[in-house]
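Here are some notes to read alongside the model. They cover the contact between two chains and then one residue.

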There are 2 protein chains.
Amino acid sequence: MAKPQPTLTQLRALVGVADHRHFGRAAAALHVSQPTLSSAVAALERTLGVQLVERTTRSVLLTGVGEQIVARARGVLGAVDDIAEVAMRARAPLTGDIRLGVIPTVAPYLLPRLLPTLRGRWPQVRLRLREAQTSTLLAELRGGALDLALLALPNDEPGVTEIPLYDEDFVLVTPAEHPLAGGSAVPLAALAGQDVLLLEDGHCFRAQALDVCREAGARERATLRAASLSTIVQMVAGGLGLTLLPAAAVGVEVGEGRGLAVATFSRPVPHRRIGLAYRATSARVVDWDLLAQEVRAALPGTDLELCPVPVGNPKVTRSG
Amino acid sequence: MAKPQPTLTQLRALVGVADHRHFGRAAAALHVSQPTLSSAVAALERTLGVQLVERTTRSVLLTGVGEQIVARARGVLGAVDDIAEVAMRARAPLTGDIRLGVIPTVAPYLLPRLLPTLRGRWPQVRLRLREAQTSTLLAELRGGALDLALLALPNDEPGVTEIPLYDEDFVLVTPAEHPLAGGSAVPLAALAGQDVLLLEDGHCFRAQALDVCREAGARERATLRAASLSTIVQMVAGGLGLTLLPAAAVGVEVGEGRGLAVATFSRPVPHRRIGLAYRATSARVVDWDLLAQEVRAALPGTDLELCPVPVGNPKVTRSG
DNA sequence: CAAGTTTGATAGCCTCGATCTATGGCTAAG
DNA sequence: CTTAGCCATAGATCGAGGCTATCAAACTTG
C-alpha cells in the first residue's frame, strides 16, 4: 500500500483552522473558500488516519494528536518560508541591515580596515555595530539581537556556527630600555618573574594572555587592570610593567617615539584565532560567507595568517 | 505579485538530485521519470529565482545556495515524515517497544505496581527497562538510546520535556529504640547532630537527602556510603545510624519485626517530585501521556500526592 | 576524426486532484 | 418553531504534475 503523504496545502489548512478555531475565518485568511479548507483538513485526516479536529457547529477544537501535529506543521511551514528567504537573500546578497557584534580587542584594529572596503564593494549593506565582550555577544546572538559576532574562537556554543578568519600572534610590548625590548625570538620562559599588565575581567584576551603568563611563570600586576589595550600600552610606556598585545593591535597602539618596543616570541608562538559566529539556523549563511571573504580581504597583509576557506564553490557574486 | 511557494515534491526532487548527483538515478530512486524530476528541479529554481544545481552532461553539482537549501529541505521532509509517524503512533497507541530508564531509588518500588497494570491494559506494549542514575539516563535519552526516563524533577535539560507524576515525602527511618522512633511530626532540627547514612555519589536521592541534612545540621556517616536503599536500611537496623527514605520505599524496605521505626517530618515536609522525561522532538508524546496516566493509576494510594494532569483533552483511548 | 553513448532538457499529451459555486444538514438561540 | 450560523457534500472546472518521445550537448572510442 502506497501511503499518501500530507501536502503543504493541507498543513497550511490545518494550521489555519488551529489559529482561528473557525473554518470560515480561517478560509478567508488563507484566501480560499470554506469548502476547500474543509476538504483539505478532511483529506489530511484521511491520509493520516487520525481525527485531528473536533467539529461541532458551535466550536472547533483540536484533539491531542491534532495539537501535536499542528505544532510540527508550524515547524514545517516555517522551514519552507526559511527556504524562500534563503533564496531571496542569495538573489540579493549582502544587502540590508547586518547587526554585527565585535569584541573590544578586535574592533578598533579590524573595523577601520573593513568598513571602507565593505562600503566600496557592497554599498547596499548597512552594518549596525555593537562592541561588547564575548559572553554578551553570544547571548545576544542566541537571543536574535545580533546577526553575527566577530570574536575569538572556539566557543563551543551549541546552535552557533563559527567561520575561522585568521590567526594572530601575541607579541610582547615593553619599555624601550627593557632587557627584552625588541627581541625577535623571545622564549616564553623569559617572562618569568616579570610584571605583566592585563585587561580587566571578562575580556577573552585577558584569559588568553593569562594562560601565557601562567605557563611562562610571569605574574600579573593585579592592582592595575585596565579597561582597554590602549590604556595598558600607556601604562607600559609609563614604566609600570610590560604587556602582551594581539598582533593586529600593534600598528595602532605602539607608535613611534613613545619609548616602546615590540618583541616577538619564539615558537611555539602564542596566538589566538579570530572568526565569525552566527546562529546555525540563520537564513543568511551565504551572506556570512561573503562577509568572511571581505574580512579576509581587508586584513593587514603581514602578521596575520589567513585561515583556509572551508567549503564549496563560491558561486554567488556581486549583483550588478 | 503572488509568490509561488516551493512544493514538497520539488523539495524531494532536489534532495534526490543532491543525494545521487545524477538525474537519472535520482528519478529511479524517487519512482518518477527523469523528465519529471528535471522539470521539478527546474520549477523549484524558477520559483526561488536562484540556480541550485550546476548541470553538465558529465556531472551534477550543487551551488552554495543549493547546499543551504538542500539542508533545509531535508529538515522539512524529515518533519513531514515525523508528522506521519505521530499520526501512526496515535492510531495504534502504546504499542511496540518502549525503552524506559528508571533511577534506582524509584525502580524497585514503582515497577512492581506499574508492570502488572500495564501488561493488563496495554498488552501490546513491550517495556525494555534500564536502571541507571540520572546523569546516565539523561545522556542516553538525548542520544536516542532511551525513549523515556523516570526520574526526579526538575532537570532543566535543554531539549528534554518533563511530565510531573507525583510528589513523595521523605520519611525518617530509625532503630526502634531511637528517641525519634515513630514520631509523627518531627521537626527537621531534631536531626541536628545525628548520624545519617546516605547513598554513594551519583544518586540524586543522595543529593536531595544531603540538602535536608545540611539544613537540619545532621552529619553524614561518610565512611558508610551504600549502593542501595536496601543496604542502608540494613545498616540502620544494625544500629549504625538513621536514614531518610522516599515514601514509596517504606513499604518494601521497612518490614515488620526488624527493629525499625518510621517517623514523619513536620511541615514543611521535605519531598521530591518524580516524573517522566522525553526528548522534546519525540514523535510519541501521545504515548508518553498515556503512559503517565498508567503510572498515576498504578500509584500506591496513600503517601504519594498526584501531580495535576497538565493539558488537553485525552481523546485517545485504547484501541480495541 | 567521426560515430556512438550517455545524460539532461524540451515538447506534447493526459490524468488526477485542488478549487470553486451551490446546496444540504445540524445546532443553538429566541 | 423559526432563524441564523456553520461545516460537510456534490458536481463542474482548470491547472499542476506525470509520462512518452525526442533533441542537444559532451565525452568516449575505434
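1. How much area do chain B and chain A bury between them, and what share of it is on carbon and sulfur atoms? In this predicted model, the two chains bury about 3100 Å² between them, and 66% of that area is on carbon and sulfur atoms. Of the area that chain B buries against chain A, B:Gln5, B:Arg72 and B:Ile83 supply 21%, more than any other three residues.

2. In terms of residues, 39 of chain B are in contact with 39 of chain A.

3. The rule finds two salt bridges across the interface of chain B and chain A. One of them joins the side chains of A:Asp82 and B:Arg72, at 3.8 Å from N to O.

4. Which elements of chain B give two or more residues to the side that touches chain A? They are helix 1 (8-20), helix 4 (64-91) and helix 10 (285-298). Helix 4 of chain B gives the most, with 18 residues. Sorted by class, this side of chain B has 22 nonpolar, nine polar and eight charged residues.

5. A separate point concerns A:Tyr278, which lies in strand 11 (residues 271-279) of chain A. Is A:Tyr278 buried or exposed? A:Tyr278 has a relative accessible area of 6%, so it counts as buried, the cut-off being under 20%.

6. Leaving out residues up to four places away in sequence, A:Tyr278 touches several others, including A:Leu141, A:Asp147, A:Val160, A:Thr161 and A:Trp288. A:Thr161 is 117 residues from A:Tyr278 along the chain, yet their C-alpha atoms are separated by 5.5 Å.

Methods: Residues numbered from 1 in each chain as written. Chains lettered and ligands numbered in written order. Predicted model: local features only at pLDDT ≥ 70, side-chain atom pairs only at ≥ 80, totals over all residues. Heavy atoms only, no water. Contact = heavy atoms within 4.5 Å. Buried area = accessible area lost by both parts, 1.4 Å probe. Salt bridge = Lys/Arg side-chain N within 4 Å of Asp/Glu carboxyl O. Helix = DSSP H or I, 4+ residues; strand = E, 2+ residues; numbered from the N terminus. Nonpolar A, V, L, I, M, F, W, Y, C, P; charged D, E, K, R; others polar. Buried < 20%, exposed > 50% of the residue type's maximum accessible area, 1.4 Å probe, protein only.
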